[in-house]
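Dear colleague,

Please find below the structure that I am handing over to you. My notes on what was found in it follow directly after.

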Amino acid sequence: MGVFTKEAEVSTPLPPAKAFKAFAVDIENLMPKVAPQTIKSVEVLEGNGGPGTIRKITFAEGHGLSHAKHKVDVLDKDNLVYAYTVMESDFFNKKIEKISYDIKFVAAADGGSTVKVNATFYTAGDTEVTPDLMAQIKEASEKRALVMKAIESYVLANPDA
């Protein structure tokens with residue numbers, strides 16, 4: 001098994017507590033609401049939303065994937081830290097064993113947030129990290145970013161959400 005990490009920082013006009021609520025706490029309710037063309041449903045298979053919770057995301061037809069299962073590792077409301085592991089997905093195609101995300105929401109000078117994302121990819125068996133695999137990961141990350149932007153837009157348009 002190989003391991004590699006990708007780090008990213010994303011800005012959002014949402015203040016840190018609001019961004020954390022939208023992207024970590026309420027994500028299972030917001031994803032299918034704001035991106036039904038991508039996310040058909042999010043089902044809690046186990047848990048209450050906190051650490052240990054397992055969610056099954058079912059993608060809309062034509063998205064290219066059918067499902068993914070996530071396990072919440074950390075949901076720290078005081079420090080605005082959210083960590084989860086994608087432990088099953090047809091995206092993996094026997095090349096990826098799992099992906100762990102560590103996300104920290106930090107106040108930005110403009111009143112919004114900087115979202116710091118550290119993604120760790122664990123390859124399956126002796127799978128090598130090829131340009132093709134990196135292109136697939138980039139494409140999946142871009143699709144994920146579109147859903148996050150839809151959530152951001154929804155929360156900005158619905159401040160009480």
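One aromatic cluster is formed by Phe20, Phe23 and Phe105. Rings of Phe, Tyr and Trp (its six-membered ring) are paired if their centres lie within 6.5 Å, and a pair is called stacked when the planes are under 30 degrees apart, edge-to-face when they are over 60, and tilted for the rest. The model is a predicted one, in which local features need pLDDT of at least 70 and side-chain atom pairs count only at pLDDT 80 or more, while totals for chains, interfaces and linings use all residues. Residues are numbered from 1 along each chain as its sequence is written, and side-chain values use heavy atoms, with hydrogens and water left out.

The whole structure holds 6 aromatic pairs. In one of them, Phe4 and Phe121 have ring centres 4.9 Å apart and planes at 10°, and the pair is therefore stacked. Because Phe4 belongs to strand β1 and Phe121 to strand β7, this pair ties together parts that are 117 residues apart in sequence. Helices (H or I, at least four residues) and strands (E, at least two) are DSSP runs, numbered from the N terminus. Both Phe4 and Phe121 are buried; here buried means under 20% relative accessible area, exposed means over 50%, and partly exposed is in between (1.4 Å probe, protein chains only).

Salt bridges

There are 7 salt bridges in the structure, each defined as a side-chain nitrogen of Lys or Arg within 4 Å of a carboxyl oxygen of Asp or Glu.

- Arg55 and Glu28 meet through their side chains at 2.6 Å, N to O. Arg55 is in strand β3 and Glu28 in helix α2, so the pair ties together parts that are 27 residues apart in sequence. Arg55 is buried at a relative accessible area of 3%, and Glu28 is buried as well, at 17%.
- Lys21 pairs with Asp26, with 2.5 Å between the closest N and O atoms. Lys21 is partly exposed at 36% relative accessible area, whereas Asp26 is buried at 17%. Asp26 sits in the loop between α1 (16–25) and α2.
- Lys138 pairs with Glu142, the closest N and O atoms being 3.9 Å apart. Both residues lie in helix α3, 4 residues apart, which is about one turn of the helix. Lys138 is exposed at 51% relative accessibility, and Glu142 is partly exposed at 45%.

The largest pocket

A pocket is an open set of points on a 1 Å grid over the protein atoms alone, where a 1.4 Å probe fits and protein lies on both sides within 12 Å along at least five of seven lines; lining residues have an atom within 4 Å of a point.

The lining comprises 45 residues, of which Tyr101, Ala140, Ser141, Arg144 and Ala145 are the closest to the centre of the pocket. Helix α3 (131–157) is among the elements that supply at least two lining residues, together with β1 (3–12), α2 (27–34), β3 (54–59), β4 (67–76), β5 (81–89), β6 (96–107) and β7 (113–123). The largest share, 12 residues, comes from α3. By type, the lining divides into 28 nonpolar, 9 polar and 8 charged residues. In this division Ala, Val, Leu, Ile, Met, Phe, Trp, Tyr, Cys and Pro are nonpolar, Asp, Glu, Lys and Arg are charged, and the others, Gly among them, are polar.

Individual residues

Thr123 lies in strand β7 and is buried, at 0% relative accessibility. A polar atom of the Thr123 side chain lies 2.7 Å from the backbone nitrogen of Gly2, and the backbone oxygen of Thr127 is 3.5 Å from a polar atom of that side chain. Thr123 and Ala161 are 38 residues apart in sequence, and their C-alpha atoms are 38 Å apart in space.

Leu80 has a positive phi of about 55° although it is not a glycine. Leu80 is placed in the loop between β4 and β5 and is buried, with a relative accessible area of 15%.

With kind regards

Methods
Polar contact = N/O pair within 3.5 Å; in protein donor to acceptor, adjacent residues only side chain to side chain.
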